[in-house]
Amino acid sequence: MDRSSSSLEISERICAVFIPLIGIIQAVVLSFTACFDHHLPPKKLQYTIDDLRRIASNSLFTVNEVEALLELFKKLSNSIIDDGLIHKDDLKLALLKTPASDNLILDRLFALFDEKKNGAIEFEEFARALSVFHPRAPMEAKIDFAFRLYDLRQTGFIEREEMLNAILLESGLQISEESLEVIIDNTFADADADKDGKINKVEWKAFATQHPNLLKNMTLPYLRDITTMFPSFIFKTEVED
């Protein structure tokens, strides 16, 4: 096997390990769509047309798309407590089918959406966070979000042990711990340019740019067509973009 094919194999293995972690975002968003089968009347969140326009101006969504996201948000936010907010248990129930389950990556994801750090996701936080996954979102934003997701202890670095534990415990990959350690070792050999045993933001950006498949699930194509996914929304919307 020549060096180029060996490098490609390592890259593919690295991508196979990382993608399931970010893929939890896709599962979360898809769970929002499933909430349309939930028939309890959602709490009415008070957002004016001006509010929707303001939120749209701070994201990559149109005003109509923001209104569609609001409908999705309403469905999810009343799954346990009908208070117009998404709590961690709401997210766990939607994704894991039980609010009692623990999931390290889901906890970190919730923390990134919860910009105010008040233990709940408000609609504007929800819309801004999802904007990162829009097909038109700049790659720089996707790389930064992925870095913050993997920086589980919020030290400003991606560390080997936290990455190993997160992937081993949370990704659901059918891979032995020994094989995973080899992949992590290869990742750090490639990404950790200064060989200090951790990956900083600059090193992560260079690594993610070199291996763009790492960010495959950081783009959700259906966010570009969010209104057409839900015909019931189209018929009742009163907003014109």
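Trainee: Which residues does Ser59 touch, not counting residues up to four places away in sequence?

Mentor: Bear in mind that this is a predicted model. Contact means heavy atoms within 4.5 Å. On that reading, Ser59 touches Val66 and Ser131.

Trainee: Where does Ser59 lie?

Mentor: Ser59 sits in the loop between helix H2 (49-57) and helix H3 (63-77). Compare sequence and space here. Ser59 and Leu130 are 71 residues apart in sequence, yet their C-alpha atoms are 8.7 Å apart.

Trainee: Is Ser59 buried or exposed?

Mentor: Buried means under 20% relative accessible area. Ser59 has 14% relative accessibility, so it counts as buried.

Trainee: What does the side chain of Ser59 reach?

Mentor: Look for polar contacts, pairs of N or O atoms within 3.5 Å. The side chain of Ser59 reaches the backbone oxygen of Ile55 at 3.4 Å. A polar atom of that side chain also lies 3.1 Å from the backbone nitrogen of Phe61.

Trainee: What is the phi of Lys195?

Mentor: Lys195 has a positive phi of about 55°, and it is not a glycine either. Its place is the loop between H9 and strand E2 (198-199). Lys195 counts as exposed because its relative accessibility is 55%.

Trainee: What span should helix H9 have, and what does the model give?

Mentor: Take 1.5 Å times one less than the number of residues. Helix H9 (residues 177-191) has 15 residues, so it should span 21 Å. The end C-alpha atoms of H9 are 21 Å apart, which agrees.

Trainee: Which residues of H9 are buried?

Mentor: They are Leu180, Ile183, Ile184, Thr187, Phe188 and Ala191. Now look down the axis of H9. The buried residues fall within an arc of 135°, so they line one face of the helix.

Trainee: What does Glu159 touch, not counting residues up to four places away in sequence?

Mentor: Glu159 touches Arg153, Phe188 and Lys198. Phe188 is one of the buried residues of H9. Glu159 itself is found in strand E1 (residues 158-159). Its side chain also joins that of Thr155 in a polar contact of 3.0 Å.

Trainee: Where does UniProt place the feature "domain: EF-hand"?

Mentor: The unreviewed UniProt entry places it at residues 101-136, 138-173 and 179-214. Such annotations may be inferred rather than shown by experiment. Over residues 179-214, the chain is 64% helix and 6% strand. The end C-alpha atoms of that stretch are 19 Å apart.

Trainee: How many helices and strands does the chain have?

Mentor: The chain has eleven helices and two strands. In sequence order, the pattern is α-α-α-α-α-α-α-β-α-α-β-α-α.

Trainee: What share of the residues counts as buried?

Mentor: Of 241 residues, 46% count as buried. The accessible surface is about 12,100 Å², and carbon and sulfur atoms hold 53% of it. Then take contacts between residues at least 6 apart in sequence. Among these, 65% join residues at least 24 apart.

Methods
Residues are numbered from 1 along each chain as its sequence is written. This is a predicted model: local features need pLDDT of at least 70, side-chain atom pairs count only at pLDDT 80 or more; totals for chains, interfaces and linings use all residues. Side-chain values use heavy atoms; hydrogens and water are left out. Helices (H or I, at least four residues) and strands (E, at least two) are DSSP runs, numbered from the N terminus. A polar contact is a pair of N or O atoms within 3.5 Å; within protein, one must be able to donate a hydrogen and the other to accept it, and residues adjacent in sequence count only if both atoms are side-chain atoms. Buried means under 20% relative accessible area, exposed over 50%, partly exposed in between (1.4 Å probe, protein chains only). The arc is that of the directions from the helix axis to the C-beta atoms. Accessible areas come from the Shrake-Rupley method with a 1.4 Å probe; for residues, only the protein chains shown count as cover.
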